[in-house]
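Work through the exercises below with the model open. Each task is followed by a stepwise solution.

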Amino acid sequence: MRILTIQNSIFYIAYLSILSLKLSAQETKINIQQNPKFEQLLNEKRKINSSIAVNERYKIQVFSGVSEKAKKTLSDCKQNFADLDGTIVFNTPNYKVWMGNFKTRIEAERNLVEIKKVYANAFLIKPKK
């Protein structure tokens, strides 16, 4: 091993000091330009999610099963009952098709009678929060 002399050590210290002054963290300002329609799309998504959210209203469950059949059932329900809104809800392991959004049980039962003519296994539910 070689022993450094005082002159060499001063030289290395000076050299490292000069190098350390040149080193610095990357400082850059990032300017993100966002399409204004993106915020509009997010607002629409929030509105849709809040309307689908489980609430205190009555719904009619038409189907419970696999995804493909749930999508087909929802499509058929929307054609047969255009005045009712419908959605697919996933509760492990099944996809459920819910129709309507009724304030009162009486209103829901009236619609249930009509829906049972097409979907005999339909039943009334009141989702919990």
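**Exercise 1. Contact range and burial**

Task: Find what share of contacts between residues at least 6 apart in sequence join residues at least 24 apart. Then find what share of the residues count as buried.

Solution: 
1. The model is predicted.
2. Take the contacts in the protein chain between residues at least 6 apart in sequence; 65% of them join residues at least 24 apart.
3. Turn to burial. The protein chain has 129 residues, and 24% of them count as buried.
4. The chain exposes about 10,800 Å². Carbon and sulfur atoms supply 57% of that area.

**Exercise 2. Secondary structure**

Task: Count the helices and strands, then write their pattern along the sequence.

Solution: 
1. The count gives four helices and four strands.
2. Read along the sequence, they follow α-α-β-α-β-β-α-β.

**Exercise 3. A peptide bond**

Task: Classify the peptide bond between Thr-92 and Pro-93 as cis or trans, and locate Pro-93.

Solution: 
1. Omega is about -5 degrees, and the bond joining Thr-92 and Pro-93 is cis.
2. Most peptide bonds are trans.
3. Pro-93 lies in the loop between β2 (86-91) and β3 (94-102).

Definitions and conventions: Residues are numbered from 1 along each chain as its sequence is written. This is a predicted model: local features need pLDDT of at least 70, side-chain atom pairs count only at pLDDT 80 or more; totals for chains, interfaces and linings use all residues. Side-chain values use heavy atoms; hydrogens and water are left out. Helices (H or I, at least four residues) and strands (E, at least two) are DSSP runs, numbered from the N terminus. Buried means under 20% relative accessible area, exposed over 50%, partly exposed in between (1.4 Å probe, protein chains only). Contact means heavy atoms within 4.5 Å. Accessible areas come from the Shrake-Rupley method with a 1.4 Å probe; for residues, only the protein chains shown count as cover.
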